[in-house]
Amino acid sequence: MKHRILFIISLFFSVLHSQEVEFTAKVSKDKLGVNERLRIDFTMNKNGDNFTPPDFKGFTVVMGPSQSVSDMWMNGVRTFSKSFSYTLQPTAEGKFTIQGASIDIGGKTYTTKPVEISVTKAVETPSLDKPTTDLIKDNLFLVAEVSKGNPYLNEGISVIYKLYVGGQVALNDLRVVDVPKFPNFWSQEIRMAMSQYEVDNCTYQGKNFRCVTIKKMVLYPQKTGKITLEPLSVDAVLAVPTQQRDFFGRNIMQQSVQRVSSGNRVLNVRELPEEGKPDDFSGAVGDFTFEVNATRKELNASESTQIKVQVSGNGNLKLFDLPKLTFPSSLEVYNPEQKDNVNTTLSGMRGTVEQTYTIVPQYGGKYPVGATSFSYFNPSTQKYHTVKTEDILLDIAGTPAKEIQSTGEIVKQSVQNLGNQFRFLQLNPNLQPIDQPLFFSTSAYYWWLFLPLLAIPIALFWQRFQQKRQGDVEGNKIRKANRLAKKYLSEAKQRITDKDTFYEALERAFHNYLKAKLKIETYEMSKEKISSLLQEKQVKASTLETFISLLKNCELARYSQAHSVASLEKDYELSVQVLSELDKQIK
């Protein structure tokens, strides 16, 4: 009996202690240099109003107040915590006192105890409690990495735009805002295989970062001198630590959207050297091979052969002209057919460019195709190179062509009929009469004639209906909240594979539904008040219990990692069922 009495007394005092109001001030450090910062948190275990901070004499408020709230139920016990946080920068050396902050809780005013701070001289390596903007600034960089800053004219270079993210800053999403244009370059974007950006581990300025490759370009400058590359700009959606901890001791992250730019990059494009430039140089820059080949060198008259001019290698393959071949005037030569087989990678254009000449000799004889040459500039050796080919001799079997007479007259020959050489116009068009009635005598004509008259009363009725609906302020508010609830339920279904975003969307759907049905605002929504109002609306106990349990699931999902896709699907189906039941039962 004695032990039971002691247990009851201790339980009574523990309950009383748990109900006591606690309002405290806590600083990240009580001694710091004048070039350092500190963080102060004013924390309470019960919600209150009229929070009044101290004047922070001797300090400058760098950031704040930032507010965080934690309200959890575990094993039937509610744990509540609310904090107001400031980041402070001392203005001078010395000892300072941060006076107490005050707040009204339950009709009483509570005040925190003063905090003593000692500020010393500036330290060499300050440890700063940086605000969000400073933390992002030190851990977020967008860089345009250029393979070569002083290329030659028409020399290929690569530009890779990378976003570097360091420290505890996490990248959630990014959106490209401004895409650079390259008016003074021949440009080709390298398509990345992944539909989403891939994160790698990289080093930047001697530090380890996580990097995301946003864009890859290959550029061939078409102008000499200093050329400025336009910047690329993106909006990065970041999660930044706030120095606050959740129930499990993890950092509470704050979402921030930061626009970052790669800045301007200046390239110094050099002229190709004049020394040693060949006369037949046509602008080819790279490392190439050159060939001229004939498919057949011996053939009969009226048969065809092909001569192929081919340049292969790595360089500006699409930006120069191939050498032209010279043929004897007695050969029938068709215009060359161009064919490109070029792939563009970060190392530049690589492949083959060729022209194929088709030749159909009409008479026998030996016909020489003159030798040609191809010149190019190699940036690696910084020299011009020339490749020459030999003559190609075509040996045509058949009757030789008649020579031109010494008098200068041209020998006329009769036209040979080789088949259907001439095509005449079709003289018989085979036209047929149209046996269809005129549109003006059909019933469709009269329908289209009177349709505008029928639309007038419909338009008047619709206008009156819209005016009446716009005047129903309360009804419009309810309809809007219902639409939002359906919208968030749809969003929850789309994000059913992501636990955090799924339960956030589900909770918003519940809140908007309650706004419409119970006519309460978000700040009034506590489980006790929701239960009371739904009981007044004569909602069944089983439906009410299921709805409250779903609300608890939304809260617990922020801290639990044990949810599977199956449990998320079950909660979604249960939510649709509960909202339907509530809609039928609320009176």
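## A sheet, a helix pair and a buried proline

Three strands form an open sheet in the order β2-β10-β7, and their pairing is mixed. The edges belong to β2 (31-33) and β7 (94-98). Each has a single partner strand, so one side of each lacks a neighbour in the sheet. From one strand to the next, the twist averages 30 degrees. The model is a predicted one.

β2 runs parallel to strand β10 (residues 115-120), and three bridges join the two. Within this part of the sheet, K31 stands opposite S118 in β10.

**The helix pair**

Helix α6 (residues 527-536) packs with helix α7 (residues 541-556) at an angle of about 160 degrees. Their axes lie 11 Å apart. Angles over 145 degrees count as roughly antiparallel, so α6 is roughly antiparallel to α7. The crossing of α6 and α7 is right-handed.

Which residues make the contact? The table lists them by helix.

| Helix | Residues in the contact |
|---|---|
| α6 | K527, I530, S531, L534 and Q535 |
| α7 | L544, F547, I548, L551, K552 and E555 |

By class, this contact of α6 with α7 holds six nonpolar, two polar and three charged residues.

The α6 positions K527, I530, S531 and L534 belong to the contact. They are also among the buried residues of α6, a set that includes L533. An α-helix has 3.6 residues a turn, so residues three or four places apart point the same way. Just after α6, Q538 takes a positive phi of about 65 degrees.

**P323 in its loop**

The last stop is a proline. P323 sits in the loop between β23 (305-315) and β24 (337-345). Is P323 buried or exposed? Its relative accessibility is 12%. Buried means under 20%, so P323 counts as buried.

What does P323 touch, leaving out residues up to four places away in sequence? The list is F290, V309, Q355, Y357, T372, S373 and F374. One of these, T372, is 49 residues from P323 along the chain.

Notes
Residues are numbered from 1 along each chain as its sequence is written. This is a predicted model: local features need pLDDT of at least 70, side-chain atom pairs count only at pLDDT 80 or more; totals for chains, interfaces and linings use all residues. Side-chain values use heavy atoms; hydrogens and water are left out. Two strands pair if DSSP finds at least two bridges between them. Helices (H or I, at least four residues) and strands (E, at least two) are DSSP runs, numbered from the N terminus. Axes are lines fitted to C-alpha atoms, for helices over the stretch in contact, and angles run from 0 to 180 degrees between N-to-C directions. Angles under 35 degrees count as roughly parallel, over 145 as roughly antiparallel, 65 to 115 as roughly perpendicular and the rest as oblique. A crossing is left-handed if the near helix is turned anticlockwise from the far one by less than a right angle, and right-handed if clockwise. Contact means heavy atoms within 4.5 Å. Ala, Val, Leu, Ile, Met, Phe, Trp, Tyr, Cys and Pro count as nonpolar, Asp, Glu, Lys and Arg as charged, and the others, Gly among them, as polar. Buried means under 20% relative accessible area, exposed over 50%, partly exposed in between (1.4 Å probe, protein chains only).
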